[in-house]
Amino acid sequence: MADMIKGNNAIAEAAVRAGVKLYAGYPITPSTEIMEYLSKRLPEVGGSFVQAESELAGINMVMGAAACGVRALTASSGPGISLKQEGISCISDEELACVVINVVRYGNGLGTLYSAQCDYHRETRGGGNGDYRCIVLCPESIQEAVDLMAPAYDLAEKYRIVTVMMTEGALGQMMEPCEMPDFIEPKKHPWGFDGKYSYKKIGIFDRNSMTEAVALNKKHETIKAEEQRWEEDGLEDAEYVFVAFGLPGRSVKGAVKQLRAEGHKVGFIRPITTWPFPEKAFENINKDVKGIISVEANATGQLIDDVALTIKKTIKDRNVPSYCLPCVYGIPTIKFTKEGLHKIISGEIKEAY
Amino acid sequence: MAKARKVPAIIDNPMSFCPGCGHGIVVRLIAECLEELGQDQNIIFALGVGCSSLLGGGLVIDRLHCPHGRASAVATGMKRVQPENTIVAYQGDGDAYSIGIAETINAAYRNENFTMISINNTNYGMTGGQMSWTTMPGQVTTTSPLGRDCEVTGNPLKFPELAASQFDVAFAARGAVTSPKNINKLKKYIKNGLEAQINGEGYSVIEVLSPCPTNWKMTPLNAMKRIDEELIPYYPLGVFKERKEN
Ligand SMILES: Cc1ncc(C[n+]2csc(CCOP(=O)(O)OP(=O)(O)O)c2C)c(N)n1
Ligand code: SF4
């Protein structure tokens, strides 16, 4: 039987096992345990921990370490990730690899301490200035978060891109039984600085953005084609398909099970990568589907945009209506999702697109 | 025939500084010091935004162009994972002392083991000569058109003095590029800073009073004169924190 462990601690230990050698960050609830854990743990394994003066400094320290081809990590939440956007944009521009964990909390500005998914747009669109995306991984459980840690770095390094692990406040704070992965000793990358100018990099004023744009698009296309991850069930005969990720995704799976038992033809897609968005899953949906429903923990509905666009792309001959069930914060209950479906069927909830 | 002085190997292409700019002299000094210390194949630069970034095209070394103000944080990350490399954060005064004052102070505060070299030309050079935190009282810039009024803007910042008096840093000094004598002294400071780092003594900062003839709207010669006559009385040259070894 696996040991009970708190989400943030488990993720931090998984990072150590994935070979992280530098953590730099600044405290913010509900992510802080990640840095607290690593302040003790990283020195034990010969790594470096820096309590930075700000999130801005933290991500720039990560950039320095990443430039040396070393696995580096930072974690934060809402307002802290806002401050990190400058660095994330620069790391993306320099095509360096790192992982950023966003333990999402609800709200604009200072926000609140409630668990939520309100940073969906920011994380999946890039977030900072410029033309770039980050690979975004959205675990539904502590075990899945832990299991995704090493792949998060593998993806970041394969494509030389930032991988965002987007978890939620509740996932960081709850405890579950969890099996820890084995230790990895990552190899140093040839493009990492060694002081010898062995990786020849050109100066910023010698760059050709036109050629770089072609390469960037090619990279994004490859990621979209190769790296979509999701879980699905019941799509073949579904009249309604729910789409939800993270903890709401896990809850929706329970709702689908109960609704099926009650005779409703429903299915679900749980994106594990929200960028690239799992478009391939939508190709498995019954072509006579009546509607597609996003269930999400924010106020305005954000995931719904990708859901609506993707169904438009995959079922081209008609306009499949898409509905949104935003629960604002927390985790939508099974009851919330079931009632939502009934309201959609009765016409009480109108389509969003 | 007299033998020409050898250009350090890591200086490759011409850098596009304005005629009479001080950056070029400092780059040359750093390159000479690195060569003399056997570090020119063991060096990573965290380059600031501004005219500092022009180094990028001219030095054949590992270098990262850092976001404006953050070079000291980037250098911290580099040094922490690669302690055997010599790390230099190379920044303008606007970069190091205005937008990046938090990152700069905190690196000194933690006594991070790298060397920060800041080019103090009393303005934001690359963006066309706006006021920075080292602009002199009364100095006309594009954002202090009537001359800097310290009553409303605060007084010019003296970072090496601050680092030396408030933090446990290894070495802090200020030099200038106005005469062969000053240049030779500056080279000693740079070498001292790098040696402090190589020996693991901790943070070193060398500020350089450097002309920006373009934005000061002066001839290169008059710009040098301005440093000698106006800047040095306010920004004294010398060592503010001696290395323990010396
Ligand atoms: C975040 C951000 N703000 C503003 C700028 C615009 N900018 C580019 S260079 C520069 C001034 C640099 O001045 P300084 O650091 O003193 O260096 P110098 O050019 O004088 O050597 C500014 C404000 C920027 N690149 N990034
Ligand atoms: S603008 Fe000033 S600091 Fe920049 S290169 Fe020209 S003279 Fe030098």
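Trainee: Which residue in E5(A) stands opposite Ser76(A)?

Mentor: Ser76(A) has Asn102(A) of E5(A) opposite it. Please note that this is a predicted model, in which local features need pLDDT of at least 70, side-chain atom pairs count only at pLDDT 80 or more, and totals for chains, interfaces and linings use all residues; side-chain values use heavy atoms, without hydrogens and water. Residues are numbered from 1 along each chain as its sequence is written, while chains are lettered from A and ligands numbered from 1 in the order in which they are written.

Trainee: In what sense do E4(A) and E5(A) pair?

Mentor: Strand E4 (residues 72-76) of chain A pairs with E5(A) in the parallel sense, over four bridges. Pairing requires that DSSP finds at least two bridges between two strands. Helices (H or I, at least four residues) and strands (E, at least two) are DSSP runs, numbered from the N terminus.

Trainee: And how many bridges join E5(A) to E7(A)?

Mentor: Seven bridges join E5(A) to strand E7 (residues 162-168) of chain A, and the two run parallel. Within E7(A), Thr163(A) is the bridge partner of Val99(A).

Trainee: Is E5(A) mostly covered or mostly open?

Mentor: Strand E5 (residues 98-104) of chain A is mostly covered, with seven of its seven residues buried, that is, under 20% relative accessible area, where exposed is over 50% and partly exposed lies in between (1.4 Å probe, protein chains only). On one side the buried residues are Cys98(A), Val100(A), Asn102(A) and Val104(A), and on the other they are Val99(A), Ile101(A) and Val103(A).

Trainee: Turning to ligand 1, how many residues surround it?

Mentor: Ligand 1 is surrounded by 16 residues, and the closest are Cys51(B), Gly94(B), Asp95(B), Gly125(B) and Met126(B); a residue is near if one of its heavy atoms lies within 4 Å. Helix H3 (residues 93-99) of chain B gives the most to this shell, four residues.

Trainee: Which polar backbone atoms lie 2.7 Å and 3.0 Å from an oxygen atom of ligand 1?

Mentor: An oxygen atom of ligand 1 is 2.7 Å from a polar backbone atom of Gly125(B), and an oxygen atom of ligand 1 is 3.0 Å from a polar backbone atom of Met126(B). The protein buries 74% of the 590 Å² that ligand 1 exposes when taken alone, with areas from the Shrake-Rupley method and a 1.4 Å probe; for residues, only the protein chains shown count as cover.

Trainee: What about ligand 2: which helix gives the most to its shell?

Mentor: Helix H8 (residues 213-216) of chain B does, with three residues. The residues around ligand 2 include Phe17(B), Cys18(B), His23(B) and Asn121(B).

Trainee: A change of topic: where is the cis peptide bond with omega of about 5 degrees?

Mentor: That cis bond joins Thr29(A) and Pro30(A), and Pro30(A) is found in the loop between strand E2 (22-25) and helix H2 (32-44) of chain A. The bond from Trp275(A) to Pro276(A) is also cis, with omega near 0 degrees. Most peptide bonds are trans, and most residues other than glycine have a negative phi.

Trainee: What is phi of Val328(A)?

Mentor: Val328(A) is not a glycine, yet its phi is positive, about 70 degrees. Val328(A) lies in the loop between strand E14 (322-326) and helix H12 (334-346) of chain A and is partly exposed, with a relative accessible area of 30%.

How values were computed: A polar contact is a pair of N or O atoms within 3.5 Å; within protein, one must be able to donate a hydrogen and the other to accept it, and residues adjacent in sequence count only if both atoms are side-chain atoms.
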